[in-house]
Amino acid sequence: MPSPASLSGSQIREKFLAFFEAQAHKRLPSASLVPEDPTVLLTIAGMLPFKPIFLGQQAPATPRATTSQKCIRTNDIENVGRTKRHHTFFEMLGNFSFGDYFKKEAIAWAWKLSTDPEVGFGLDPKNIAVSVFESDDEAFAIWRDQVGVPEHRIKRMGEADNFWVSGPTGPCGPCSELYYDFFPDQAGEVDLEDDERFIEFYNLVFMQYNRDADGNLTPLQNQNIDTGMGLERMAQILQKVPNNYETDLIFPIIKTAADIAQVDYTKADEKTKVSLKVIGDHVRAVVHLIADGVTASNLGRGYILRRLIRRVVRHGRLIGIAGEFTTKVAETAIALSEAIYPNVRDRADYIKSELQREEAQFLKTLERGEKLLAEILAKNPQQISGADAFVLYDTFGFPLELTQEIAEEQGISVDVDGFEVEMEKQRERARAAHETIDLTVQGSIDSLAEKVQKTEFLGYQNSASTAQVEALLVAGKVVETANAGDEVQILLDRTPLYAESGGQIGDRGYFSGDDLLVRITDVKKESDFFVHFGRVERGILKAGQTVSATINQACRRRAQANHSATHLLQAALKALIDPSISQAGSLVDFDRLRFDFNCPRPLTADEVAQVESQVNTWIAEAHGAVVAEMPIADAKAKGATAMFGEKYGDVVRVVDFPGVSMELCGGTHVSNTAEIGAFKIISEAGVASGIRRIEAVSGPAILDYLNLRDRVVRDLSDRFKVKPEEVLDRVSTLQEELKTSQKQLDALKAELAIAKSDSLASQAEAIGDFRILVARLDGVDAASLTTASDRLAQKLGDGAAVVLASATDDGKVSLVAAFGKATIAKGLQAGKFIGAIAKLCGGGGGGKPNLAQAGGRDASKLDEAIAAAKTQLKGAIG
């Protein structure tokens, strides 16, 4: 909680805005969270309201501005409450220059604001470190030589960290960031990625480019400044609290929720604190979203609002709040914000009404969905299947994210890929426009619960067995018979076929009888029943009939190899990388395996190779499997690995490869590691914050993988006329040759453009001391066009006004303007001039007063643009 003597959040906001008002910046109010920009769903940054100005599409009302802008971001919502400073709603303090000042002034003011105790925040300079874009020598020199920051505390960083973009397209540029160092006297190299030691609190973006849909960077008409200081982060620093949530900006909301739940935040366990932080953050977000006119729905920003409200309700229940409570917490958020954002008080009644309606509606849905989800989780799955997640979504309105969140609390992942498959099936069914029903209709299964016994699984020991058809469904409806060609779902009294569970895919197989064949393509669990999905290939299948159920042994062997390899993989990761690594999800398929695990960093190539080698060593050592059921206390005493957060029964199944791996697992496995054959890691990558994923193949599937790559290598070897082992060297040689050829081609293009342009010099039109030349040179790329324009301007002298244009076969347009000193003195600037002309071709651009380039998308308008350029130049010069 904030220190009584520290600056309040309101005082920090006011000090920032007042500082820049003193530097001739105009204080502007925060824009709405619903942006005018149709390409952006919500206001995600302080610069977004000024995007048209940065693009040169709109003239600024003032050359300098300062704002406190409310923002919403939900891209890493799962980190809210779990880290010290992730939020969905936050305030961004900013100062902006629209072609007025640039790096030198922005850096100097940022330092003065941060360190001056009279007009700024009085931070000790030794507590500040700085980052710059890796190639930004200018910013580096300003920090070192003019501000005086020691060189070892200025870090050059790459594009991912220090090149700011507002989205896939739009204004962008290199940036420089200020970090607060909590341990400035700590020895060793300054590592700005150390979140415990450093916190970024101020970002200076040197906005000088526009990125188009193709990723091309075009200089903006003006060099602009866009900065952002996180109000919550600065409050944490100045109020000397351990995280953003315990500042006076958020903690009063947390305190209100804690009082309603009758818990003491200071004494609460970490899980309760996380829920309280989520509530504190999300309530701020929903209050401002509703105040700005967003209403809950299943689309766009309405879905974001609904999702946030539902997360608030869900976390309220987790800390013991049984009834409705969101309006009470919202009142605290409104009171905290009304002074700076009066619209929240003006719309307070509407905000509370919307919250109350959504909360009541979701509480009903939550009870039904939680009941089904509890049944799924009670079966101790290692992963919730995509089909189950889809039923929760489709039948009970559970967002996938909520299912993931609840499952994660118990250390269980959700098969998102499987969920997307089910979603696509639904879309296909809708497009087909004929009667269809979800094959896992919960109502049909529930209606059978009282009539049939739960399925006995025989598949650990048996690959085939006789069984009785307990129930039969066609198109989701219970029927007595199914004919050849029918897609069916079958419940048996017992089965050797494994149902999808714990990340392992369901078995394939077939049912047979007198003149009967049913091909089974999948098996899933529904409550205590195994539902077999298949198709009647021959004969008639009847309820009550006895059939012979047989698994597809080839598929089972592949799944067993991949599942056992997954256990060995986890053991290798623990042994070689970090003993604290644990499973965060898995997929065991017939042709591959996927293993998700907690790890804060990527594995190096050497580490991946070591892990792969260790698994193959264990495979070659032929460790036998010992599978037993035992009390869970005994299993834990033996050191068996369990999935973090998962609930287990009193008796558990333990799969042990002695000396290598021991896990609680209900899946099917090889009897000896030698049966796996071999193991190959295909990829290692990050899938979420702190979660890595390894994909691999093993057993028979590895031959498929190697055959495919062998065919590729052989094909390349034949094409390059070299031995397979020489392919890599040959490709490297070709790459170097290509680079050389490209350089030569670029040089030839430039020479050709210059040759073409030289012939144009005589066509320049003289107006007094000025020489105007506007021409079209098709087939010349933008770089060569720029070279040619600059050369022509030099030839024509100080009075030169050169505009060259080019169109490509795909309809793209390039335009370049080059002006001499006398032309610029006439008030003409190449950047502004060519940017305006490019708009006639559906584009834009800009640059320096003497040389600038632009682009366009509509070549049919190029002649019109050239004529306009000539007319405007004559008018301005004549």
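## Histidine 563

In this predicted model, histidine 563 is buried, because its relative accessibility is 2% and buried means under 20%. Histidine 563 sits in helix α17, which runs over residues 553-576.

Setting aside residues up to four places away in sequence, histidine 563 touches Gln382, Gly502, Gln504, Val588, Cys665, Gly667, Thr668 and His669.

## Valine 205

Valine 205 belongs to strand β8. With a relative accessible area of 2%, valine 205 is buried. Neighbours within four places in sequence aside, the contacts of valine 205 are Trp164, Gly173, Pro174, Cys175, Asn224, Ile225 and Asp226.

Glutamate 177 lies 28 residues from valine 205 along the chain. The C-alpha atoms of these two residues are 8.4 Å apart.

## Salt bridges

Side chains of opposite charge can pair when their charged atoms come close. In the model, the count of salt bridges comes to 41.

One of them joins arginine 27 to glutamate 14, with the closest N and O atoms 2.9 Å apart. Arginine 27 lies in strand β1 (residues 26-27) and glutamate 14 in helix α1 (residues 9-21), so this pair ties together parts that are 13 residues apart in sequence. Both partners are partly exposed: arginine 27 has 31% relative accessibility, and glutamate 14 has 39%.

## Pairs across the sequence

Glutamate 196 and lysine 84 meet through their side chains in a salt bridge of 3.1 Å, N to O. This pair links distant parts of the chain, 112 residues apart. Glutamate 196 is in the loop between β7 (170-181) and β8 (198-211). Lysine 84 is in the loop between β2 (64-72) and β3 (89-98). Lysine 84 has a relative accessible area of 28% and is partly exposed.

A further salt bridge joins the side chains of glutamate 765 and lysine 874 (3.2 Å, N to O). This pair, too, links distant parts of the chain. Glutamate 765 is in strand β30 (residues 765-767), lysine 874 is in helix α25 (residues 862-877), and 109 residues separate them. Glutamate 765 counts as partly exposed at 34% relative accessibility. Lysine 874 counts as partly exposed at 32%. Elsewhere, salt bridges that share partners join Arg306, Glu354, Arg357 and Glu358 into one network.

## Surface charge

Asp161, Asp191, Glu193 and Asp195 form a negative surface patch. Aspartate 161 lies in helix α5, residues 159-162. Its relative accessibility is 36%, so aspartate 161 counts as partly exposed.

Over the protein chain there are 99 positive and 123 negative charges.

## The chain overall

The protein chain has 25 helices and 35 strands. Its C-alpha trace spans about 105 × 75 × 60 Å along the principal axes. Of its 878 residues, 51% count as buried.

Among contacts with a separation of 6 or more, residues 24 or more positions apart account for 67%. The chain exposes about 38700 Å², and carbon and sulfur atoms supply 49% of that area.

Note on methods
Residues are numbered from 1 along each chain as its sequence is written. This is a predicted model: local features need pLDDT of at least 70, side-chain atom pairs count only at pLDDT 80 or more; totals for chains, interfaces and linings use all residues. Side-chain values use heavy atoms; hydrogens and water are left out. Patches are made of residues with over 30% relative accessible area and no salt bridge: like charges are joined within 9 Å, nonpolar side chains (Val, Leu, Ile, Met, Phe, Trp, Tyr) within 5 Å. Accessible areas come from the Shrake-Rupley method with a 1.4 Å probe; for residues, only the protein chains shown count as cover. A salt bridge is a side-chain nitrogen of Lys or Arg within 4 Å of a carboxyl oxygen of Asp or Glu. Lys and Arg count as positive and Asp and Glu as negative; His and the chain ends are not counted. The place of a charge is taken as NZ of Lys, CZ of Arg, CG of Asp or CD of Glu. Helices (H or I, at least four residues) and strands (E, at least two) are DSSP runs, numbered from the N terminus. Buried means under 20% relative accessible area, exposed over 50%, partly exposed in between (1.4 Å probe, protein chains only). Contact means heavy atoms within 4.5 Å.
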